[in-house]
Amino acid sequence: MLHNCWFDLLPVELLHYLFSYFSAQEILLIFSDISNYINNVLSGYCAYVINLKLMKKSDFDLICRRILPEQVIALTLSDDNNTFVQSELFLSYYPIEQFTRLRSLILIEIDIKSLKSIFSMLYKLHQLRSFSFNIETIRHRFPAWNNNYLNESNQLKSLIFNSYKQILPQLNHIYLNNSTDLISIQLPNLRQLKLTKSSFDDLKIIFENSSQLKSIDIYLDTNMLNIPFILPSNQLIRLNLKIKNQLISKDQIEQLLSSLIHLKHLELKANVSENVVNGYFWQQLVNSFITFNFKFNVQKINVQKILNSFRTSFWLEEKHWYVAFHNEYLFTLPHFAPVHMDTDNILQFHSTEPNYSIIYHHLNKFTVNTNFLQYNNYRCIHIETLILKYSISIQTLASIIDLNRVEHLIIPSLDSLLTFTCLKYTMPRLYKLTIENNVTIDMMERIRHHRFKQIRVLEIRFTDYIIEELFFLFPCIENLIYKSRIQSIGIMVRLISGFRNLTNASFCADCSFYRKEFNFCSNPNSFGQYFRLYTCQVYHSMNTQLPLSIHWRIDEQSSTYISEQRRYDWYRLKHILHRSQNSTVLYSIYPWLRLPPTPQLPAPVTGSSVQINNVSIWYTTYGPVGAPPLLFIHGGFGQSAYWGLQVAQLKSSYRCILMDSRGQGRSTVTPAGITYDLMASDVIGLLNYLGIQQTHLVGWSDGAIIGLNVAINYPNRLLSLFAFAANYIPSGVKDISNSIVFTTFLSRSQIEYQAINPAPNYTNLYNYLTTMWATLPNWTQQDFAKINPNLPVWIVDADHEEAIFRDQPDTMSSWIPQSGELILPRTSHFAFLQDSDWFTASIARFLVESLKKTKKNYYSIIYFIFNAPYTLKYLAYNLGLSRKIGLEFSLYAEFFSYYITFCLPFVACGVLPEVGTKIKALFCYHRQQVVIHPTT
């Protein structure tokens with residue numbers, strides 16, 4: 001039963017107005033089954049806009065079940081590589097003639113079979129006012145080039161032309177590719193026309209046949225050298241003109257504009273003579289225009305002289321029209337600003353725009369083919385496609401490009417990915433990867449330890465013997481584009497079945513494939529033994545070397561088809577979770593989904609700062625000075641307070657030392673940035689400053705990695721190492737973006753950082769840490785072999801760890817022979833907060849075992865020395881030595897034996913660190929260590 005909601009208070013007219021901002025699938029997913037009233041409004045809404053090109057298969061099914069044809073006013077049909085055969089399926093449910101209220105129809109790369117059914121009934125759409133179709137994009141199924149192809153092609157052209165004669169006169173907006181279809185048809189209602197190809201003669205006829213034409217976009221492909229450049233149209237308001245194969249002169253420009261007396265919007269793209277590119281000339285012609293944009297190809301000009309003519313008050317102050325010159329083109333900004341730039345010509349701009357910001361903010365594609373260290377004036381912040389043809393560091397690349405915006409990465413070889421091993425931090429929006437050259441087995445061997453889970457679209461070339469390795473390297477691929485020549489069905493089957501999340505796959509083949517696999521090409525959907533639900537189609541492509549294109553769509557399994565009610569519930573649940581994530585992470589019934597509040601350090605907090613490696617490192621200490629030292633190191637974006645619960649319980653038995661790592665908490669950072677080597681060096685510097693030769697170390701996440709770094713590079717400075725939630729390679733880190741707990745921690749830590757850091761700059765800190773995580777650590781088994789074999793080590797993690805893959809602690813514990821591995825139950829990356837008692841007890845037990853190991857030999861030697869004389873005496877007597885010999889030695893031996901027996905309980909108690917500390921405090925004198933702290 002559906003309940004009432006606030007939308008029920010809105011009138012139908014206002015809801016209809018709200019619906020006009022959404023597509024059909026968005027309306028159904030957002031508003032379906034909210035209430036009975038809203039359902040009634042949806043059933044009566046008659047202005048749905050359906051675009052099959054942007055629709056998923058599940059949304060397609062929803063549309064077909066919930067919307068009637070007479071409720072649709074705009075329809076886009078598409079059979080491109082991602083939606084092939086979809087138009088045929090859609091029209092099988094709803095023939096085109098049933099869309100009686102349809103006002104706009106767009107056809108994109110439509111299958112020839114669907115076109116026949118569309119154009120045969122197009123004349124029945126009496127309310128149609130807008131139509132878009134490019135006949136050159138028709139998709140021909142295999143086998144197209146047979147004996148009947150020419151007859152079928154001619155029949156289709158005849159059908160299309162007859163349909164045009166019936167439907168075009170009623171249209172207001174037309175978008176076609178060729179003008180020849182229009183010259184014999186009267187177009188009394190036409191107001192807007194777009195043609196991708198036309199001659200000047202055809203254009204004049206079209207103007208004569210369309211008395212209401214107000215706007216035209218046209219591409220002229222003709223020689224107009226001896227033709228008057230005059231258009232017979234007094235009513236035209238907007239003109240978008242592209243001219244090919246013709247050098248336009250100053251006189252022709254004047255002829256054109258003098259005939260268009262009502263023109264207010266002009267866009268012109270052409271090859272022009274030198275006298276045309278003059279700001280004073282154009283100022284007289286376009287003085288009354290509202291918009292004016294041009295792109296002129298011109299050679300051998302005085303660039304600064306030309307640009308100065310566009311720097312008058314008319315251009316810069318009155319109209320605010322800016323002009324630029326680049327690569328032999330003079331163009332207006334921002335309309336014709338280039339969207340693609342490379343490092344070879346990034347500095348070759350000349351513009352009337354003072355700071356060039358329009359140019360660089362307009363770029364969305366960037367190619368790196370040279371080193372550009374000398375470039376540091378501008379930053380491209382909207383790059384979506386990045387092409388790497390030159391090896392370059394992440395830091396240099398990030399100085400000129402905002403890597404957070406990159407969605408598509410194009411690289412020459414798989415080896416280039418080694419620079420970006422942690423893509424989710426360096427390029428969090430990246431989802432498409434293109435590898436231009438063949439992937440070899442040697443490349444796979446070098447990168448086999450990494451996984452790139454964020455890649456959803458993969459465009460690649462490779463040989464069939466590395467297919468299985470790709471499944472591990474790219475486990476989440478949804479769309480595969482195979483650029484090499486496919487050789488057999490078997491390879492396609494291996495790829496489609498191996499990528500478990502695959503929904504679309506595209507392949508290319510040559511003539512040898514369809515000769516070998518003719519049955520498959522003729523009837524690709526008959527191979528149902530391979531997949532449960534799939535659609536496959538073979539098309540002829542325009543590529544002469546690879547004339548076949550093969551496209552697969554693997555549909556969702558039946559168990560994943562969900563009702564629209566459940567889909568709505570899911571979207572609503574996500575919204576609720578997003579709004580209440582703070583309460584969720586505080587009060588979840590599951591410990592691993594909680595993030596308790598940040599603890600407070602025990603009072604009083606007497607922290608100080610000390611200069612180490614040119615940075616200010618903040619630290620504080622708790623507990624007796626003579627107790628065993630215990631150093632705590634926090635994780636990335638954290639601070640010392642996160643150890644508050646552990647310090648409160650351990651400070652009575654140990655000298656607890658806490659430090660804020662460089663750049664985090666209360667510590668500062670230098671332009672040298674943050675690396676694990678630098679932070680390990682900071683640890684050693686602090687120990688030296690405190691006069692501590694060796695210490696126990698407890699580390700969490702980055703702190704654990706720092707501890708491992710110290711154990712590897714400074715093997716004699718640790719007494720033991722408790723490493724919680726560490727990884728040894730960047731690919732060992734999971735995608736944390738979907739973890740509510742982790743994202744809440746990042747938000748919380750940012751607030752804490754801004755509050756306590758003496759010079760907060762969170763952007764720099766974020767860049768430093770994410771850059772480090774992208775490439776570090778990168779250890780091998782040989783690195784772990786440098787750890788002191790006598791050093792007690794526990795590798796610790798949690799059973800619900802959301803940041804580190806389980807193979808990381810398993811591998812590290814196997815590479816450190818003396819280490820133990822502990823997996824804490826019912827906790828996650830923040831186990832020290834989620835179950836602090838268990839976590840602290842684990843540390844205490846580890847330290848007890850570590851101290852036992854270090855003291856065991858010491859007490860055994862003492863016991864042996866004291867008992868050795870007495871044992872040797874009785875051994876000698878048993879071997880026949882007279883008891884009268886060595887009487888004085890016997891007295892001393894018995895004395896030592898009785899003494900060690902009397903001291904044995906005290907010695908045993910001394911092994912326990914807590915008891916040992918108290919005994920020292922009571923009976924042993926030690927010199928008080930004086931530490932002079934610097935002023936803060």
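Colleague: What share of the contacts in the chain with a separation of 6 or more comes from residues 24 or more positions apart?
Modeller: That share is 67%, where a contact means heavy atoms within 4.5 Å.

Colleague: And what should I keep in mind before reading on?
Modeller: This is a predicted model, so local features need pLDDT of at least 70 and side-chain atom pairs count only at pLDDT 80 or more, while totals for chains, interfaces and linings use all residues. Residues are numbered from 1 along each chain as its sequence is written, and side-chain values use heavy atoms, with hydrogens and water left out.

Colleague: What is the average pLDDT of the chain?
Modeller: The average is 83, and 83% of the residues score at least 70; pLDDT is the predictor's confidence in each residue, from 0 to 100.

Colleague: Which residues have a pLDDT below 50?
Modeller: Residues 557-584 form one such stretch, with 31 contacts in the model beyond near neighbours in sequence. Residues 923-936 are also below 50, and that stretch has 18 contacts of this kind. Where pLDDT is low, the predicted coordinates should not be read in detail.

Colleague: Got it. How many helices and strands does the chain have?
Modeller: There are 33 helices and 32 strands. They are DSSP runs numbered from the N terminus: H or I of at least four residues for helices, E of at least two for strands.

Colleague: What is the strand order in the sheet of 11 strands?
Modeller: The order is β5-β23-β24-β22-β21-β20-β19-β18-β17-β16-β14, in an open sheet with mixed pairing. Two strands pair if DSSP finds at least two bridges between them.

Colleague: Which strands are at the edges?
Modeller: β5 (140-141) and β14 (340-342) are the edge strands, and each pairs on one side only.

Colleague: How do β23 and β24 pair, parallel or antiparallel?
Modeller: Antiparallel: β23 (residues 534-540) and β24 (residues 548-554) are joined over seven bridges. Within that pair, Val538 stands opposite Ile550 in β24.

Colleague: Switching to backbone geometry, which peptide bonds are cis?
Modeller: One runs from Leu333 to Pro334, with omega near 0°, and Pro334 is in the loop between β13 (329-333) and β14. Another joins Ala603 and Pro604, with omega about -5°; Pro604 is in the loop between α22 (581-587) and β25 (608-612). Most residues other than glycine have a negative phi, and most peptide bonds are trans.

Colleague: Which residues have a positive phi without being glycine?
Modeller: Asp33 does, at about 60°, and so does Asn327, at about 55°. Asp33 lies in the loop between α2 (24-31) and α3 (36-44), while Asn327 lies in the loop between β12 (322-326) and β13.

Colleague: Is Asp33 buried or exposed? And what about Asn327?
Modeller: Asp33 counts as buried because its relative accessibility is 16%. Asn327 has a relative accessible area of 41%, so it is partly exposed. Buried means under 20% relative accessible area, exposed over 50%, and partly exposed in between (1.4 Å probe, protein chains only).

Colleague: How many of the residues count as buried overall?
Modeller: Of the 936 residues of the chain, 51% do.

Colleague: Last one: how many disulfides are there?
Modeller: The count comes to zero, taking a disulfide as a pair of cysteine sulfur atoms within 2.5 Å. Among the cysteines, Cys46 is partly exposed because its relative accessible area is 30%, and Cys508 is partly exposed at 25% relative accessibility.
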